[in-house]
Amino acid sequence: MNPTLHTASAGLGLRRGMLTDLLALTPDAVDFLECAPDNWIGVGGSFGKVLDELSTRFPITCHGLSLSLGGTDPLDRRLLVRTREFIDRHAVTLYSEHLSYCAADGQLYDLLPLPFTEEAVRHVAARISQVQDMLGRRIAVENISYYAVPTPAMSESEFINAVLAEADCDLLLDVNNVFVNACNHGYDAFGFLDQLPPDRVASYHVAGHIDRADGLKIDTHGAAVRGLVWTLLDHAYARFGVRPTLLERDFNFPPIAELLAEVARIRDTQATHLPRPELVP
């Protein structure tokens with residue numbers, strides 16, 4: 001597969017519950033598929049064959065789940081070696097991980113926020129640099145959704161900006177996470193985007209969320225993208241430019257036509273921000 005991935009591209013998650021639908025896609029249905037290498041490394045048999053077939057038909061991007069970039073446990077060097085082999089084998093053009101931690105004397109199976117402090121900036125940036133060296137490539141870190149933050153000595157945007165600068169890495173901007181956090185923590189989502197550096201956004205995620213009875217919004221990846229999240233994505237394209245954008249859906253899978261309609265909406269939104277061809281007089 002040609003690893004070229006255009007900035008104006010829209011993709012779907014490569015989830016095991018969707019494999020039958022993904023195998024039936026026409027080549028122009030999506031521009032790329034994103035997988036979590038942690039869930040596919042070492043997988044053989046019928047699932048491994050499906051992964052190989054899909055990676056020959058669509059560009060693959062990777063979104064790591066368990067490196068625990070902000071954790072205090074030593075980085076899993078064996079996982080990093082196997083991740084590098086995986087992304088080389090499948091000609092992966094984008095690799096990202098979460099700006100969080102998920103292990104403390106063992107996996108916690110959740111993405112937990114880091115304290116927004118200078119100490120945490122230096123700690124996570126040093127580990128991101130190690131990961132970039134071991135993977136032999138620049139990576140992007142994703143802003144996570146969070147529901148409480150220990151010891152916030154700076155704002156979330158200040159924390160993200162400091163990490164990007166200290167680690168010299170890129171940002172995978174999850175637009176739904178920005179919306180959920182802004183609503184839950186009482187800040188302006190559009191103003192938040194305006195505080196991020198335009199030259200560091202490498203790609204986007206959009207997803208659905210749910211509203212609890214008490215007003216709390218929960219990032220779930222199990223529902224359709226909401227209207228205000230689409231508006232926020234449009235604002236992000238205007239500020240940062242069009243970049244590869246993934247529709248995240250991890251469960252409650254609807255008919256594939258509904259997901260492709262959301263992919264088409266990503267493409268339509270991207271098209272409104274692309275240069276228009278000059279008219280011939």
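Student: Which strands each supply at least two residues of the lining of the largest pocket?
Tutor: This is a predicted model, in which local features need pLDDT of at least 70, side-chain atom pairs count only at pLDDT 80 or more, and totals for chains, interfaces and linings use all residues. Residues are numbered from 1 along each chain as its sequence is written, and side-chain values use heavy atoms, with hydrogens and water left out. A pocket is an open set of points on a 1 Å grid over the protein atoms alone, with protein on both sides within 12 Å along at least five of seven lines, and its lining residues have an atom within 4 Å of a point. Among the strands (DSSP runs of E, at least two residues, numbered from the N terminus), those that each give at least two residues to this lining are S2 (32–35) and S6 (107–112).

Student: How much space lies in the largest pocket, and which residues are the closest to its centre?
Tutor: With volume taken as the space filled by probe spheres set on the grid points, the largest pocket holds about 850 Å³. Its lining counts 31 residues, and the closest to the centre are Leu 65, His 98, Leu 111, His 221 and Asp 250.

Student: Which strand gives the most to the lining of the largest pocket?
Tutor: By class, that lining has 13 nonpolar, 9 polar and 9 charged residues, where Ala, Val, Leu, Ile, Met, Phe, Trp, Tyr, Cys and Pro count as nonpolar, Asp, Glu, Lys and Arg as charged, and the others, Gly among them, as polar. The strand that gives the most, with 5 residues, is S6.

Student: Which strand gives the most to the lining of the largest cavity?
Tutor: A cavity is a set of grid points where a 1.4 Å probe fits but cannot get out, and the structure holds 2 of them of 30 Å³ or more. The largest cavity has a volume of about 100 Å³ and is lined by 16 residues, with Glu 34, Thr 61, Leu 94, Leu 172 and Ser 203 nearest its centre. With 4 residues, the strand that gives the most to this lining is S9.

Student: What is the relative accessible area of Phe 159?
Tutor: Phe 159 is among the residues that line the second largest cavity, in which about 90 Å³ of space lies. Phe 159 sits in helix H5 (156–167), and, beyond its neighbours within four places in sequence, is in contact (heavy atoms within 4.5 Å) with residues including Leu 99, Leu 114 and Phe 116. With buried meaning under 20% relative accessible area, exposed over 50% and partly exposed in between (1.4 Å probe, protein chains only), Phe 159 counts as buried at 2%.

Student: Why do the buried residues of H2 line one face of the helix?
Tutor: Helix H2 (45–57) has 13 residues, which at 1.5 Å a residue should span 18 Å, in agreement with the 19 Å between its end C-alpha atoms; the expected span is 1.5 Å times one less than the number of residues, and helices are runs of H or I of at least four residues. The buried residues of H2 are Gly 48, Val 50, Leu 51, Leu 54 and Ser 55. Seen down the axis, with directions taken from that axis to the C-beta atoms, the buried residues of H2 line one face because they fall within an arc of 160°.
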